[in-house]
Amino acid sequence: MRIDFVTLFPDMFAPVMDASILGRAKEKGLLEWGCVNPRDFSDNKHHKVDDRPFGGGPGMVMMVEPLEKAVKSVKKKSSKTIFLSPQGEKFTDGKASQLAKEKHLVLVCGRYEGIDERALDLFDEELSIGDYVLTGGELPAMVVADAVVRKIPGVLKKEDAASSESFVEGLLDFPQYTRPRVWRGREVPEVLFSGDHKRIAAWRRDAAKAATKRKRPDLMSRA
Ligand code: 4GX
């Protein structure tokens with residue numbers, strides 16, 4: 001998969017996109033990514049990309065022209081273009097699985113009070129990572145990229161690690177333990193040492209259900 005970020009702050013991306021599992025995905029040839037800066041497409045001599053809102057009010061609005069040129073410079077027929085904003089459809093793990101099947105994502109990051117409404121025609125989808133307001137779309141774009149790339153076959157070490165986790169079956173993860181077997185008097189559940197894989201699987205299913213009921217009752221109806 002290739003991902004292009006349209007952003008006024010391209011320096012934010014490498015520390016996240018080249019680290020850890022995403023960095024390894026790139027080394028393995030499973031991910032390519034790049035940034036394109038609307039500022040480089042401004043015909044204004046000061047490379048201006050924002051302007052005051054018509055009708056007045058505080059803050060600035062991203063101008064449509066540099067944004068359109070930047071998107072068009074990376075977009076191909078097979079690309080899916082996505083704008084990140086609090087007004088978007090809620091981004092979910094299911095959405096991440098859908099997007100992992102795409103060949104090319106163009107993730108567009110807004111700043112300021114938002115973008116000129118007429119720029120919305122450039123996008124196939126508008127997604128929100130949650131009901132809070134950030135200072136820009138860069139972190140949401142990287143959240144989406146991270147959740148999508150880990151779904152690409154071969155990115156995670158164990159092929160099944162992506163399908164046996166939270167949300168995929170509508171439940172939270174089951175509790176995990178590692179050494180030591182006793183920590184400050186707290187013991188690891190006995191069943192996990194039984195070697196009985198059926199019993200362990202049954203315990204994990206029950207524990208996942210109990211955790212979901214307690215921590216995220218809103219998910220229970222879906223599971
Ligand atoms: N999930 N932001 C977008 C600029 C903006 C402001 C108003 C449109 C209208 C966000 C989120 C998010 C911050 C990205 C504001 N765009 N994006 N940006 N929550 O908070 O996706």
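Where is Pro 180 found? Pro 180 lies in the loop between helix H5 (138-149) and strand S8 (182-183); helices (H or I, at least four residues) and strands (E, at least two) are DSSP runs, numbered from the N terminus.

## Basis of the model

This is a predicted model, in which local features need pLDDT of at least 70 and side-chain atom pairs count only at pLDDT 80 or more, while totals for chains, interfaces and linings use all residues. Residues are numbered from 1 along each chain as its sequence is written, and side-chain values use heavy atoms, with hydrogens and water left out.

## Backbone geometry

Most residues other than glycine have a negative phi, and most peptide bonds are trans. The peptide bond from Arg 179 to Pro 180 is cis, with omega near 5°. Tyr 112, although not a glycine, has a positive phi of about 60°. The loop holding Tyr 112 runs between strand S6 (104-109) and S7.

## Ligand contacts

The ligand has 19 residues around it, and those that come nearest are Glu 113, Ile 129, Gly 130, Tyr 132 and Leu 134; a residue is near a molecule if one of its heavy atoms lies within 4 Å of it. By class, this shell has 10 nonpolar, 8 polar and 1 charged residues. Here Ala, Val, Leu, Ile, Met, Phe, Trp, Tyr, Cys and Pro count as nonpolar, Asp, Glu, Lys and Arg as charged, and the others, Gly among them, as polar.

At Leu 134, a polar backbone atom is 2.9 Å from an oxygen atom of the ligand. Taken alone, the ligand exposes 460 Å², of which the protein buries 92% (accessible areas by the Shrake-Rupley method with a 1.4 Å probe).

The elements that give two or more residues to the shell are strand S5 (79-90) and strand S7 (125-128). S5 supplies the largest share, 5 residues.

## The largest pocket

The space taken by the ligand is the largest pocket. On a 1 Å grid over the protein atoms alone, a pocket is an open set of points where a 1.4 Å probe fits, with protein on both sides within 12 Å along at least five of seven lines; lining residues have an atom within 4 Å of a point. About 480 Å³ of space lies in this pocket, a volume being the space filled by probe spheres set on the points.

The lining comprises 25 residues, with Leu 84, Ser 85, Pro 86, Gln 87 and Gly 114 nearest the pocket centre. These lining residues divide into 12 nonpolar, 9 polar and 4 charged. S5 gives the most to the lining, with 5 residues.

Note on methods. A polar contact is a pair of N or O atoms within 3.5 Å; within protein, one must be able to donate a hydrogen and the other to accept it, and residues adjacent in sequence count only if both atoms are side-chain atoms. A molecule sits in a cavity or pocket if more than half of its atoms lie within 2 Å of its grid points.
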